[in-house]
Amino acid sequence: MGKSQSRQPTSEVKDGNYVRFALVGSSGCGKSAFVNAVRGVDDEDELAASVDVVQTEQQPTEYTYPSNPQVIFWDLPGFGTPSYPDVETYWRKLELEKFDIFLIFISLRVTEHDLAVVKKVKSLNKSFFLIRTKIDEDVECMKRKLKNRFKEKKMLLEIRNYILNQTGHLLCAEKDVFIISNYEPRKWEFFPLIEAIINTMPVPEIGEYSKLFI
């Protein structure tokens, strides 16, 4: 099972023991690529979320997990665009309070919009994870730049510390931050992220969590 028709989330979804993930972040931060990676779908597959350089997802789009249709990922438009210039507009138009778990994606820098989303999610006591994407691109870039002086562990620590410093008291713990590549999921923290998501699932009726994801 793959992509379904785009529609607004409704309250009936939760009543039906579905778990709805809201994928939020600025345009181009890797939300759609994550949807494909977590479902084991190639970017060129007809069921794949679009990962074009220019943002194409102007409406919320629903993707069910192939082996369990009760797990639903909503690939949401990026914020900080003319359609969604600020977080309040973004939140109101997309009715984000109806989602169960938030996956907040960032790349390179933590922005004011990112922080505003985290604050909003925390105010509603919703579960969330902060996901730093495109680490594969950063590693390759720094390898070319520093050559033999490049230390990957040092770079990862610097990125994590930067995120923690920028978010301050908004994060409950360092474990809420995950550094991933959507194209090399067996490296870095893609699978630890999936494990953390599984452990946060709020609906026991959907079965054995360990079998929900790749």
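How many helices and strands are there in the protein? I counted 7 helices and 6 strands. I took helices (H or I, at least four residues) and strands (E, at least two) as DSSP runs, numbered from the N terminus.

**Entry 1. Basis and layout**

I worked on a predicted model, in which local features need pLDDT of at least 70 and side-chain atom pairs count only at pLDDT 80 or more, while totals for chains, interfaces and linings use all residues. Residues are numbered from 1 along each chain as its sequence is written, and side-chain values use heavy atoms, with hydrogens and water left out.

I read the order of elements from the N terminus as α-β-α-β-β-α-β-α-β-α-α-β-α. I then looked up burial: of the 214 residues of the protein, 47% count as buried. Here buried means under 20% relative accessible area, exposed means over 50%, and partly exposed lies in between (1.4 Å probe, protein chains only).

**Entry 2. Salt bridges**

I found 10 salt bridges in the structure. The criterion is a side-chain nitrogen of Lys or Arg within 4 Å of a carboxyl oxygen of Asp or Glu.

I looked up R20 and D100, whose side chains form a salt bridge at 3.3 Å, N to O. This pair links distant parts of the chain, 80 residues apart: R20 belongs to strand β1 (residues 19–25), and D100 to the loop between α3 (87–94) and β4 (101–106). I noted that R20 and D100 are both buried.

I next took K120, which forms a salt bridge with E88, with 3.7 Å between the closest N and O atoms. This pair also links distant parts of the chain, with K120 in helix α4 (residues 112–123) and E88 in helix α3, 32 residues apart. K120 is partly exposed at a relative accessible area of 22%, and E88 is partly exposed at 47%.

I also checked K187 and E184, a salt bridge in which the closest N and O atoms are 3.8 Å apart. K187 counts as partly exposed because its relative accessibility is 37%; E184, at 30%, counts as partly exposed as well.

Which residues are linked in a network of salt bridges? I recorded R160, E174 and E189.

**Entry 3. A negative patch**

I looked up the surface charges and found a negative patch formed by D42, E44, D45 and E46. Patches are made of residues with over 30% relative accessible area and no salt bridge, like charges being joined within 9 Å and nonpolar side chains (Val, Leu, Ile, Met, Phe, Trp, Tyr) within 5 Å. Asp and Glu count as negative and Lys and Arg as positive, with His and the chain ends not counted.

I placed E44 in the loop between α2 (31–39) and β2 (61–65). Is E44 buried or exposed? E44 is exposed, because its relative accessible area is 71%.

**Entry 4. Cysteines**

I searched for disulfides and found 0; a disulfide is a pair of cysteine sulfur atoms within 2.5 Å. I looked up the accessibility of C29 and C141. C29 counts as buried, at 0% relative accessibility, whereas C141 is partly exposed, with a relative accessible area of 37%.

**Entry 5. Positive phi**

Most residues other than glycine have a negative phi. I therefore noted the exceptions by name.

L108 is not a glycine, yet has a positive phi of about 65°. I located L108 in the loop between β4 and α4. L108 is exposed, since its relative accessible area is 55%.

K147, also a residue other than glycine, has a positive phi near 55°. I located K147 in the loop between α5 (135–146) and α6 (152–167). At 59% relative accessibility, K147 counts as exposed.

**Entry 6. Two C-alpha separations**

Where does N161 lie? I found N161 in helix α6, partly exposed at a relative accessible area of 34%. The C-alpha atoms of N161 and E174 are separated by 9.1 Å, the two residues being 13 apart along the chain. E174 is also one of the residues in the salt-bridge network recorded above.

G28 is partly exposed, with a relative accessible area of 45%. From C-alpha to C-alpha, G28 and V51 are 8.1 Å apart in space, and in sequence they are 23 residues apart.

Terms used:
Accessible areas come from the Shrake-Rupley method with a 1.4 Å probe; for residues, only the protein chains shown count as cover. The place of a charge is taken as NZ of Lys, CZ of Arg, CG of Asp or CD of Glu.
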